Amino acid sequence: MNIREIRNNKQKAGIYALVLIPFIYFVYVMVYPLIISIYYSLTKWKGIGAPKFVGLDNYATMLQSSDFWLVTKNTLFLCVVCTVGQVGIALIIAFLMTIRRLKLKTFHRAVIFFPVVMAPIVVGYVWRFIYNSNYGLLNAFLTAIGRPDWIRFWLDDQDIVLRMVSIPVIWQYIGLYMIILMSGISAIPQEVFECAEIDGATGFKKSVYITLPMIWDSLKVCIILCAGGTMKIYDHLVALTNGGPGRATESLAMYCYEYTFRFGNFGMGAAIAVTILVLALLISAAIQLVMGRRKD
């Protein structure tokens, strides 16, 4: 074996070692807990002692519960509304940021992105103060403009509370998806836009027929991230309503927490957690399928 072969073997060993370290970390942090959660979802366990294997009884009990279907409906509603709101508004803002005549673009990006760095629990409490029926800023504003007839109990009315709690979530994460989409737009060669302008394309046509198709993959990533993230929404709802009134704003993540720590039923909590994962994967697969066909 010559020196060059020895050097190549050492390089390969170093590469494998560098790849192996994050792989082991990923397995320990992600794969192992997932396997343990699936196992516990098939058991009856109170958090202490040996788990008792019960098969699919937890899933059968969960599916027979009307509360489960209610919180699932709430979660899916928030998933759809927040995904459309966050990614849709972020896409419009990203298009507006490409306008050459727009001034102070850096300032606008910083202001829109600022809520992303805030803790969700803080955002929830801020908006809880805004929605407060006695001294909230929203009702004070409506009174100041002479529209007291619009004043509502924003977080106590079951007919509107789910829509109201979605607004803070949409507001907080618009900046995140704006940055992702703007990164995709900045990667488009300027020659493409210049050729379109020579052919007489307006700003709207450039956005729809040039920019949008060329950032389609970035848009798909944004939608998947947003939908998957909203499926495990928890902090905002705890701070705003704690799931109330009744279970009108309770999510699957809150339902999982309730069974695990309030009722001490770790097996049922694990079953709900696995269900959240399955639903998120199904939604992601559906988005991949639909948007993949659209791109073709």
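**Ground rules.** I number residues from 1 along each chain as its sequence is written, and for side-chain values I use heavy atoms, leaving out hydrogens and water. Because the model is predicted, local features need pLDDT of at least 70 and side-chain atom pairs count only at pLDDT 80 or more, while totals for chains, interfaces and linings use all residues.

**Cysteines.** I looked for disulfides (a pair of cysteine sulfur atoms within 2.5 Å) and found zero. Cysteine 226 is buried, at 1% relative accessible area. I use buried for under 20% relative accessible area, exposed for over 50%, and partly exposed for in between (1.4 Å probe, protein chains only). For cysteine 256, the closest cysteine sulfur is in cysteine 79, 17 Å away and too far for a bond. Cysteine 256 also counts as buried, at 15% relative accessibility.

**Helix α5.** I take helices as DSSP runs (H or I, at least four residues; strands are E, at least two), numbered from the N terminus. Helix α5 covers residues 120–131. I checked its span, where the expected value is 1.5 Å times one less than the number of residues. For 12 residues that gives 16 Å, and the end C-alpha atoms are 16 Å apart, so the two agree. Which residues of α5 are buried? They are Val123, Gly124, Trp127, Ile130 and Tyr131. They cover an arc of only 120 degrees around the axis, so they sit on the same side of α5. That arc is taken from the directions from the helix axis to the C-beta atoms. The cover over these buried residues includes α6 (137–144), α7 (161–186) and α11 (235–240).

**α4 against α7.** Next I looked at α4 (residues 105–113) and α7, whose axes come within 7 Å and cross at roughly 135 degrees. The axes are lines fitted to C-alpha atoms, for helices over the stretch in contact, and angles run from 0 to 180 degrees between N-to-C directions. The pair is therefore oblique. Under 35 degrees would count as roughly parallel, over 145 as roughly antiparallel, 65 to 115 as roughly perpendicular, and the rest is oblique. From α4, Arg109, Ile112 and Phe113 make contact, meaning heavy atoms within 4.5 Å. Their partners in α7 are Ile174, Gly175, Leu176, Met178, Ile179 and Met182.

**Helix α12.** Eight of the 11 residues of α12 (residues 252–262) are buried, so the rest of the structure largely encloses this helix. Among the buried ones are Leu252, Cys256 and Tyr259. Just after α12, glycine 264 has a positive phi of about 70 degrees.

**Threonine 75.** I found this residue in helix α3 (residues 66–96). Threonine 75 is buried, at 0% relative accessible area. Leaving aside residues up to four places away in sequence, threonine 75 touches Thr230, Met231, Ser251 and Leu252.

**Backbone.** Most residues other than glycine have a negative phi, and most peptide bonds are trans. The bond from glycine 244 to proline 245 is cis, with omega near -5 degrees. Proline 245 lies in the loop between α11 and α12. Asparagine 242 is in the loop between α11 and α12, with a positive phi of about 55 degrees. Leucine 104, in the loop between α3 and α4, has a positive phi near 55 degrees. Leucine 104 is exposed, at 60% relative accessibility.
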